[in-house]
Structure formats: C-alpha cells, structure tokens
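Student: Could you take me closely through one part of this model, and set it in its surroundings as you go?

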Amino acid sequence: MSFPPLLVGHGFGGLVIQLLLDRGLGAAGIALCPIPRRGHWKSLFPLPPPAPTLGAGDVPPPSTVMPRRLLLDVTLGIGTAIDYANDERGPLLLISAGKSRRVSSASVAACYRRHRRSMAITALRAFPHHGDWLIVEPGWEAVADATLDWVLDPE
C-alpha cells in the first residue's frame with residue numbers, strides 16, 4: 001500500500017510545496033519561508049504572452065517536456081498559479097523567520113491569509129528570533145518541535 005508523501009520545502013522549495021499540494025500531490029505540506037509566487041514578481045520579471053491552447057494530436061510546448069525549462073519557468077514565476085480557494089488540497093503549514101533577509105514574515109503572513117480562503121487546514125508558525133537558516137541555527141529544536149506537533153495534530 002502506498003501513501004502520499006509529507007512534502008517539506010524551504011524558500012523556493014516552499015513555493016513548489018504549495019504548487020504540488022494545490023495539484024493534489026502530497027498528504028500534507030510544510031513550507032519554510034516560502035518565496036512569493038509570480039504575482040509578487042511582476043515588476044521584476046515581465047511575463048511572456050500566454051501559450052496557445054493545444055488541439056488533439058498537437059505536440060506540447062518545450063516547457064512541458066524539458067526539466068531545465070520547467071525549473072526556469074517556476075523560478076521566474078511562469079505557471080505558478082495557485083488556487084488559494086482549493087478545498088481539496090492537503091493540510092499546509094507555513095513557517096516564517098522574523099530575521100530572514102530573503103522572505104519577510106509579512107510575506108509569509110500574506111501567503112497564509114490567501115490560503116485561508118480554502119476550507120483546507122492551513123496553519124502559520126512564526127519564529128521571530130530565527131533567520132534564513134532556521135532549521136540549522138541555534139534554537140532549531142523549537143522549529144522541529146512545532147513542526148512535529150503540527151504533523152501529529154494539524155488541527
């Protein structure tokens with residue numbers, strides 16, 4: 001018997017976790033200091049025009065078959081639409097670090113508020129005295145304990 005995995009990602013991986021959960025892949029997800037999705041980067045990265053729709057028998061565009069292109073698409077925010085009202089996604093824990101220089105606590109809190117549109121379980125844990133390396137810096141035990149507590153009882 002196979003069970004869907006518990007997904008864990010930090011930074012860029014936190015965005016990927018949200019995308020995977022939204023698409024029904026994973027039992028639950030933990031996103032540590034997830035970078036914002038495309039909507040926050042519009043001024044930094046202009047987006048190309050939408051791809052034409054495919055008809056029966058058409059070959060998919062290269063971005064759907066080339067891993068390097070897919071990584072570039074996600075890095076630039078292309079194709080990172082998340083249905084924040086998706087009631088079918090698995091539980092999600094968002095973790096912020098107050099001293100992070102890459103992803104502000106306000107950004108993670110905004111992400112949490114967007115995910116609250118869904119009836120799916122969503123939680124936010126803030127660690128104001130931790131930085132970007134919150135899972136390996138002194139005091140990491142508090143982050144691990146809070147995460148484990150949530151995994152055991154996500155309500």
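Tutor: Strand 1 and strand 2 run parallel and are joined by five bridges, where strands are DSSP E runs of at least two residues, helices are H or I runs of at least four, both numbered from the N terminus, and two strands pair if DSSP finds at least two bridges between them. This is a predicted model, in which local features need pLDDT of at least 70 and side-chain atom pairs count only at pLDDT 80 or more, while totals for chains, interfaces and linings use all residues. Residues are numbered from 1 along each chain as its sequence is written, and side-chain values use heavy atoms, with hydrogens and water left out.

Within this pairing, H10 has L32 of strand 2 as its bridge partner, and H10 lies with L6 and V8 on the uncovered face of strand 1, whereas L7 and G9 form the covered face.

P5 is found in the segment before strand 1 (6–10), and P5 counts as partly exposed because its relative accessibility is 45%, between the limits of under 20% for buried and over 50% for exposed (1.4 Å probe, protein chains only). Leaving aside neighbours within four places in sequence, P5 is in contact (heavy atoms within 4.5 Å) with G26, A27 and A28. The C-alpha atoms of P5 and G29 are separated by 8.7 Å, although these residues are 24 apart along the chain.

Both H10 and L32 are among the residues that L134 touches, not counting those up to four places away in sequence.
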